[in-house]
Amino acid sequence: MKELQDPNVEHLLPHKNGKYPERKFDWENLFWSCSHCNGVKNSGKYDDGILDCCKDDPEKVLSFSLVNDDVMITILNLGHEIQERTALLITEVFSLKNTGMRTYRSDQRLKLLQKEMNILYKQLEKLHRNPESKVIMQMIKSLLSRDSAFAAFKRCYVREHVNEYPQLQKYVRI
């Protein structure tokens, strides 16, 4: 998400409860996170680790999609526990509704994701109508950039629709 409101320093591997005390001040174990995502991740079920996105590209092992009003994260390598936990965490960030604040924040993230996807869909429609437009191609290229909000969802959508958008595949290679 753009404009992170309430940044926390999150430990990829937890240092509390004696689990990984040596990782408490390890720079490679510290990440920015919003309080919502950090709160969801602080559940004990993630203590054995999730993907380290600085070392492993999530797009190589997970598929991200928005189906109706649901976030769907598909594991490409079944049986890989870290990938399974990562997929569950991402799903919960958008759908966990066990408190009033989590319901609000999950819904807020889902709405932002839907907004970003709708921007992409509109640009793709424009591309269908005007495939030679350099302006449209530049906008889509920007939307598919890894530093774009919810990039993995947008990039996976284009990869999954390779027949419709072969000219865009160079922007979503992993």
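A residue is called buried when its relative accessible area is under 20% and exposed when that area is over 50%, with partly exposed residues in between. In this predicted model, strand S4, which spans residues 70-75, has a covered face formed by Val-71, Ile-73 and Ile-75, whereas Asp-70, Met-72 and Thr-74 make up its uncovered face. Strand S4 pairs with strand S3 (residues 62-67) in the antiparallel sense over 6 bridges, and Ile-73, one of the residues on the covered face of S4, is the bridge partner of Phe-64. The hairpin of S3 and S4 has 2 residues between the strands, and Asn-68 in this hairpin takes a positive phi near 55°.

The packing of the helices was examined next. Helix H3 (residues 81-95) packs against helix H4 (residues 100-129) at an angle of about 100°, their axes lying 6 Å apart, and H3 is therefore roughly perpendicular to H4. To this contact H3 contributes Glu-92, Val-93, Phe-94 and Ser-95, while H4 contributes Ser-106, Arg-109, Leu-110 and Leu-113; by class, these comprise 4 nonpolar, 2 polar and 2 charged residues.

Helix H4 also packs with helix H5 (residues 134-143), here at an angle of about 150° and with the axes 10 Å apart; because angles over 145 degrees count as roughly antiparallel, H4 is described as roughly antiparallel to H5. H4 passes H5 in a left-handed crossing, and the contact involves Glu-116, Ile-119, Leu-120, Gln-123, Leu-124, Lys-126 and Leu-127 of H4 together with Ile-136, Met-137, Met-139, Ile-140 and Leu-143 of H5. By class, the contact of H4 with H5 has 9 nonpolar, 1 polar and 2 charged residues.

Conventions
Residues numbered from 1 in each chain as written. Predicted model: local features only at pLDDT ≥ 70, side-chain atom pairs only at ≥ 80, totals over all residues. Heavy atoms only, no water. Axes fitted to C-alpha atoms, helices over the stretch in contact; angles between N-to-C directions. Helix = DSSP H or I, 4+ residues; strand = E, 2+ residues; numbered from the N terminus. Parallel < 35°, antiparallel > 145°, perpendicular 65-115°, else oblique. Contact = heavy atoms within 4.5 Å. Nonpolar A, V, L, I, M, F, W, Y, C, P; charged D, E, K, R; others polar. Buried < 20%, exposed > 50% of the residue type's maximum accessible area, 1.4 Å probe, protein only. Pairing = 2+ DSSP bridges. Left-handed = near helix turned anticlockwise from the far one by under 90°.
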